[in-house]
Amino acid sequence: MPKIYFIDVTNRDGVQTAKLGLSKLEKTLINIYLNEMGVFQSEFGFPTTRHESLYLQANLELAGMGVLQPIRLEGWIRAIARDVETAFKLVPNIRHLNLSISTSEQMISGKFRGNKTEDDIINDMVEAVDAAQAISAETIGVNAEDASRTDPNFLIKFGLAAKEHGADRLRYCDTLGYDNPFTIYETVRGLAENVGMPIELHCHGDLGMAVANSIAGAKGAIDGGQDAYINTTINGIGERAGNADLVAVILAATKSKGFAKKYHLGGAIKLTKAAKIAEFASYAFGIPIPINQPGVGANAFAHESGIHADGVLKDPENYELYNFKELGRGKPKFVETGREIIAGEYSGISGFSHIMGKMDVLFANEKEAREVLELVRYANVESQRPLVEDELLFIAKYPKIAKKLLTLAPLE
Ligand SMILES: [Zn+2]
């Protein structure tokens, strides 16, 4: 029986969102948390974008060191051979790519203004797949942008061409959140049956159905005989109304009525990491978690009204579908209410040593401490918010990698 896998795209769709962004260190921490959670793949950035190069290389080094294992790190680029060549030039060790091109009549005429036909779209895509294989890609996903507004017959033709040229997966992008669970099920099932390759579901929330569509699409892929790879973002942050929320999709796939009996996850997910990853993303993006967010919102396990409070005290299952402990909640949070020493871009060695000492980090000598402090200062220049404990610990543990992440050299 085919299975469900998760590809998180926070570090691509999330960071390209208007008004939002992450520092390279924050992106790295997100990859680490996704790996700890058991997420199959992180779409970790843009290999043709120059300011990403050192971040991407540093994260691939972390993979080589076993820190980012077994998660797969994959880059997103346009499906044109020129971009494939640039990607491998800037990030030579990249091995997993998703190649994206618009497939709908709307986008072909609206974006390319009559300069491209459907055949040109397929030609560009297969040239890119060929180039990626010729260089050194291990896996290739091919993305049909605006797939939900694309003629299903053309999508099948597009998928078959990708498969013939050796692509591994077809990404069905509901770019505008236009599908509903009924339409996406039918279309994706047809694609799975007729193309015969694993399908990625990339759903947006413009009509409030990103999570429901992801689950329905996954069912369509599996009923059609293929593995399903659901694209998610942490806290659902993504273009416009956002993407399918990572935690909500996991909850829907494992807790919704009867679904998990027939449709299984491809690998174990540690849901106990949910609260931590959601809180970190909220802090790093500077966007509060909505109070009613599934699983991780402040009200997800809060009860006030008489009938509900009485019921949940008698038996939590009266008013709760799952337990807060499953999401890693329930531990008291430590909030300093007295004197605080913060590490920042203008910190000195005394305050910094105090902070690291509280976390039991001891340096071999003052030179080493000063070097780590210097990196912490730069990290704060980039993030402009106090670094969290895990960021400070990361820098102290991997100073060389941190230096790479923090190095930006424009117009070189
Ligand atoms: Zn998207």
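A residue counts as buried if 20 or more other C-beta atoms lie within 10 Å of its own, as exposed if 12 or fewer do, and as partly exposed in between, with C-beta atoms placed from the backbone. The model on screen is predicted: local features need pLDDT of at least 70, side-chain atom pairs count only at pLDDT 80 or more, and totals for chains, interfaces and linings use all residues. Residues are numbered from 1 along each chain as its sequence is written. Helices (H or I, at least four residues) and strands (E, at least two) are DSSP runs, numbered from the N terminus.

Start with D360, in the loop between α14 (349-358) and α15. D360 is not a glycine, yet its phi is positive, at about 65 degrees. This residue is exposed, with 7 other C-beta atoms within 10 Å. Next, select K19, in the loop between α1 (10-14) and α2. Its phi is near 75 degrees, again positive in a residue other than glycine, and K19 is exposed, with 7 other C-beta atoms within 10 Å. Most residues other than glycine have a negative phi, and most peptide bonds are trans.

The bond from Q69 to P70 is cis, with omega near 5 degrees.

Now show the strands. The barrel is closed by 8 strands in the order β1-β2-β3-β4-β5-β6-β7-β8, with parallel pairing; two strands pair if DSSP finds at least two bridges between them. On average, neighbouring strands of this sheet are turned by 25 degrees against each other, direction ignored. Zoom in on β6 (residues 169-174) and β7 (residues 199-203), which pair in the parallel sense over 5 bridges. Y172 stands opposite L201 in β7.

Select α2 and helix α12 (residues 274-285) next. Their axes come within 10 Å and cross at roughly 170 degrees; axes are lines fitted to C-alpha atoms, for helices over the stretch in contact, and angles run from 0 to 180 degrees between N-to-C directions. E26, L29, I30, Y33 and M37 in α2 meet K276, I277, F280, A281 and A284 in α12, where contact requires C-beta atoms, placed from the backbone, within 7 Å.

Finish at helix α17 (residues 399-406), whose buried residues are I401, A402, L405 and L406. These cover an arc of only 130 degrees around the axis, so they lie on the same side of α17; the arc is that of the directions from the helix axis to the C-beta atoms. The buried residues of α17 pack against α2 (24-37), α3 (53-64), α15 (366-383) and α16 (389-397).

Methods
Contact = placed C-beta atoms within 7 Å.
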